[in-house]
Amino acid sequence: MSASDILLWVALPYLTIAVFVTGMFWRYKYDKFGWTTRSSQLYERKVIRIASPLFHLGILAVLGGHVMGLLIPENWTHAAGLSEDAYHLMAVGLGAVAGACTLFGISLLIYRRRTNGAVFAATTRNDKAMYVFLVAAICLGLLTTLVGSGIVGEGYNYRETVSPWFRSIFLMDPKPELMAQAPASFHIHAVAGMLLFLIWPFTRLVHAFSAPVQYLFRPYVVYRERGPHDPGSRTARRGWERVG
Amino acid sequence: MKIMAQMGMVMNLDKCIGCHTCSVTCKQAWTNRTGVEYAWFNNVETRPGQGYPRTYQDQGKWKGGWELKRGKLRLRSGGRIKRLLHIFSNPKLPTLQDYYEPWTYEYDMLISTPLGEHTPVARPKSLITGKPMKIEWSANWDDDLAGGPELAPSDPVLVKIRDQVTDRVKMEFEQAFMFYLPRICEHCLNPACVAACPSGAMYKRAEDGIVLVDQDACRGWRMCVSGCPYKKVYFNHNTGKAEKCTLCYPRLEVGLPTVCSETCVGRLRYLGLFLYDADAVTAAAETEDEHGLLQAQLDLLLDPNDPNVQLQALRDGIPQDWLDAAKESPVYKLAKEYKVALPLHPEYRTMPMVWYIPPLSPVVDALRETGNDAEDAGNLFGALESLRIPIEYLAELFTAGDTAPVSQSLKTLAAMRSYMRDVNLGRDPKPEIPAAVGMSEESIYNLYRLLAIAKYEDRYVIPKAHAETARDLEELACSLDVSGGPGQYQPGPFGGASGRPVPVAVETFHALKVRQTTEVLIPLDAVRMNLQNWHGQGATDE
C-alpha cells in the first residue's frame, strides 16, 4: 500500500467529512439568507418544466442506489435471498436508467443556462465551478456503472471492496487496502465525488439539505409571536441578548 | 374562542384618481433594488383590465387560493404531497413575461456619443439580460383602458360575466365605468401563501396579523407565489427568496400609517384594527355557498364594544390600548357597522383583510350624462336598479357575484351624498333618505365625516407596538437591508444572495415619528434620502 493510497483513501475522506460538516454548520449559522435554491424558473418555464424534475428525481434515485450499494453489506442481501447476479442486474438496470435521466436532465439544464440570456446572466462563477464538479461526478459515475456491470470490459463486484472501504471510514477503522484493489474508474469516481462534497457547503447545492419534509406534518397556517422567552423569529445576535 | 387582532385596510375607490403615487412611493421604499425591479407590492390597475400580473384573477389558469373538496378546505393547486412533488418546477409559477421584463435606458449614450450627424438616442435595455429590448408590456400597460378594445376583453372578471353582457353594452360599459383598483397584500386571515410554503418561512404575526416572509428561512421553493390568488408574493430573482408587502410594519409599530396610505393624494385609505375569532376562521372559509362567504367573513369580526369580547380579548393577551384602538377602528366601522366596505374576491376563501368601498362616481356620471339630477336620492336609487352591468362587475370583484351587498353599499353612499347635499345647501334634511337604507341621520352624518372629511386621526387609528417589546420586534425577520435590499450593503461572501440581513431599527422609526409630527421646522440633517425615513420637514441634502 503506497502513500498515495493512504492519502486518497484515508486522508481525503476524513478531510472531506471534516470540511463538509463544519462547512455546512458554518454556512447555516452565518448565511441562512444565502441558503436557497436560487431558482431561475421566473426567467424561463418551458425547458425547466422537463429538465429540472428529470434531473432532481434522477439524482434522488442515484442517491438511493448509492445508499443501497455502499451502506448495505453484501451478506445482508444474500441473507434476504437476493443472489449476486440478480442484485447486479437490478443495480445496473436501475442505476443506468437513473443515471441517464440525471445526465440528460443536467445537460438540458446546462444548455438552458447557457442559451437563455436571462438565466446565463444570473449564473455566478461559483455556479459554473460547481457544475464542473457535479457533471464530472455524474459522468464518471455512469462510466463506473458501465465498467462495473461488465458492459465495458470485465464486470466488477464493488460490494466486496469499495463498499466495505466506504463503511470502514464511518466506522473509524479505515481499510484503504480494500479500495486500492478496485479498478481505476472507481478510484476516479470516488475522488470526484469527494471533491464534490468538499465544495458542497460553499455552493448553491446546500439547498439539497432543506428538503421540506416537515411540510407534510405542520398545520397549514403558521403564526409566530414574540413571547417573553422567545423574542423574535431568530436567536438574538451577540450584544442583543436579553438580560434577566 | 381565541380572539386575535388584525391590522386591516379599507380603500375608498370613489376617491381614487389613478395617480399611482402609492405605487411609486411604495416602490421607492421597498422594491427599488435588483431582483425585484418587476415587483410592485402596491399597484393600481384600471378596471376593466387584465390586472398585474396579466389575468391573475383567472384561477382556472393560475390555481391560486383555496377550494372546497368534499366540504373541506384545500389549496386549489392540490394537496401537500402534490406540492412537494412540484418543488423542482412549479407548473403554475408566472414567468417574468406575465409581469413584465424590467428595463432601463442607455442614458450614458446621450452624453458619451461623439459629435455626429444624428442625435444620440437612449435605447431601452433589459435589466434582466442587459441586452437591448423592445418594450411591449409593463405593470400598467392598460392604464386608463389603453389598448382597451384588444386588452380589456381578456379581463377575467369580464370573461366571467360575458354571458350576460352583449357587445353593445360592453363597449358602453368600458367607456362609462372605468375605475381604479389599488392593490396591496390582503394580509388574509386564512392565507393561502402561508399554507403553500413548504419551508414554513411564511407566517402570520400573532400580534397584528401581518403576513411576512422570514428571509432566513425561505428556501426559494416559489409555492407562495402561485398559492396566492392575488399574486402578491414576489420572487426576488437576485436573492432567490420570496418577498411581499409588509404593511410597512416598522412604521405601524410606532403608530405611523403605511407609506401607501401616508402618501395617498386622494386620502382614500383607512387603517385600523379588527378583532376576530381565530378558531372560527377555517369553518368560515368552508362556507359552502360562495355568496355566503362575505357574511361568514363579517361574522368573524367581533364587536370591540361588546363587554364579553373585551373580556375575552384581554384574557387572550390583547393589551388594553389595542382594545381602545379597536373601538375607534375606522375599518371595522366601514366594513361591519356601515357595511359599505367589501373584501376583494371572497370566493378565493382566504378571508382577505383589505376591503374596498365600491365606486359610486361612475353611476353618478352616467346619470348626469342623461340630463338628470345626479345627486337626487330617488334618481340614484333608480339608476342603481337599472345600471346592472357595473353592479354585476363590482359583484364579481367584491362579493363572488352576489349583487345585493354591492347594491346596498352603493345605495348607502348615494343616500349619504343626497342627504348631505340638503344639509350643505341649507335645505331641510330629509330623514327618509337615510331611513331608505336603514340608517339614522346621525350614523349617515358619521359616515360622511369618515368618508368625506376624512381627518388624518380618523383614517388612521394605529396602536403602537408595546415599548417593552420594541427591541424584540427589531429582531423579527423580514429586514431587507441586505445586498440588494433597501440598505444596499456590500454583498456577502457568496455573492448577491448571501450575507446577513441587518434588522430594521425600531429606534429609527420612533425618531422618524417625532420628526414627522413635530410642529417646528427642524434643520436639514444628513440622512439618506429614502421615503421611508424622510421626515416630511424639508429636503435632505443628499
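What follows is a working chat about a predicted model and its aromatic pairs, cores and backbone.

Colleague: What are the ground rules for this one?

Modeller: It is a predicted model, where local features need pLDDT of at least 70, side-chain atom pairs count only at pLDDT 80 or more, and totals for chains, interfaces and linings use all residues. Residues are numbered from 1 along each chain as its sequence is written, chains are lettered from A and ligands numbered from 1 in the order in which they are written, and side-chain values use heavy atoms, with hydrogens and water left out.

Colleague: What does the model score for ipTM and pTM?

Modeller: The ipTM is 0.88 and the pTM is 0.87. For chain B, the average pLDDT is 87, and 84% of the residues score at least 70. pLDDT is the predictor's confidence in each residue, from 0 to 100.

Colleague: Where in chain B is the pLDDT below 50?

Modeller: Over residues 470-491. That stretch still has 83 contacts in the model beyond near neighbours in sequence, a contact being heavy atoms within 4.5 Å. Where pLDDT is low, the predicted coordinates should not be read in detail.

Colleague: How many helices and strands are in chain B?

Modeller: Chain B has 26 helices and 15 strands. These are DSSP runs numbered from the N terminus: helices are H or I with at least four residues, strands are E with at least two. Of its 542 residues, 60% count as buried. Buried means under 20% relative accessible area, exposed over 50%, and partly exposed in between, with a 1.4 Å probe and protein chains only.

Colleague: And how much accessible surface does chain B have?

Modeller: About 20,600 Å², with 53% of it belonging to carbon and sulfur atoms. The areas come from the Shrake-Rupley method with a 1.4 Å probe; for residues, only the protein chains shown count as cover.

Colleague: Switching to the inside. Which residues have the most contacts in the largest nonpolar core?

Modeller: B:Tyr38, B:Met202, B:Leu275, B:Leu334, B:Trp355 and B:Phe398, in a core of 166 residues. Helix 21 of chain B (residues 403-424) supplies the largest share, eight residues. A nonpolar core here is a set of buried Ala, Val, Leu, Ile, Met, Phe, Trp, Tyr and Cys residues joined through side-chain atoms within 4.5 Å. There is also a second, separate core of 18 residues, which includes A:Met24, A:Phe55, A:Leu109 and A:Ala192.

Colleague: What does B:Tyr38 touch?

Modeller: Leaving out residues up to four places away in sequence, its contacts include A:Leu42 from chain A, and B:Tyr52, B:Tyr99 and B:Tyr234 from chain B. B:Tyr38 also forms one aromatic cluster with B:Phe41, B:Tyr52, B:Tyr99 and B:Tyr234.

Colleague: What else is in contact with A:Leu42?

Modeller: B:Thr95 is, and B:Thr95 also contacts A:Gln41 and A:Arg45, setting aside neighbours within four places in sequence. B:Thr95 lies in the loop between helix 3 (80-85) and helix 4 (96-99) of chain B, and is buried at 8% relative accessibility.

Colleague: How many aromatic pairs over all chains?

Modeller: There are 27. One is A:Phe197 with A:Trp200, stacked because the ring centres are 5.1 Å apart and the planes are at 5 degrees. Rings of Phe, Tyr and Trp (its six-membered ring) pair if their centres lie within 6.5 Å; planes under 30 degrees apart count as stacked, over 60 as edge-to-face and the rest as tilted.

Colleague: Why is the pair B:Tyr456 and B:Tyr460 edge-to-face?

Modeller: Their planes are at 85 degrees, with centres 5.0 Å apart, so the pair is edge-to-face. B:Tyr456 is partly exposed at 35%, whereas B:Tyr460 is buried at 8%.

Colleague: Which ring does the charged end of B:Arg80 sit over?

Modeller: The ring of A:Tyr220, 4.1 Å from its centre. The criterion is NZ of Lys or CZ of Arg within 6 Å of the ring centre and within 35 degrees of the ring normal. B:Arg183 lies over the face of B:Tyr56, at 3.8 Å.

Colleague: Backbone next. What is the peptide bond from B:Arg47 to B:Pro48, cis or trans?

Modeller: Cis, with omega near 0 degrees. The bond from B:Tyr52 to B:Pro53 is cis as well, with omega near -10 degrees. B:Pro48 is in the loop between strand 2 (43-47) and helix 2 (59-62) of chain B, and B:Pro53 is in the loop between strand 2 and helix 2 too.

Colleague: And what is phi of B:Arg222?

Modeller: Near 70 degrees, a positive value in a residue other than glycine. Most residues other than glycine have a negative phi, and most peptide bonds are trans. B:Arg222 is buried, at 4% relative accessibility. B:His345 has a positive phi of about 50 degrees and is buried at 3%.
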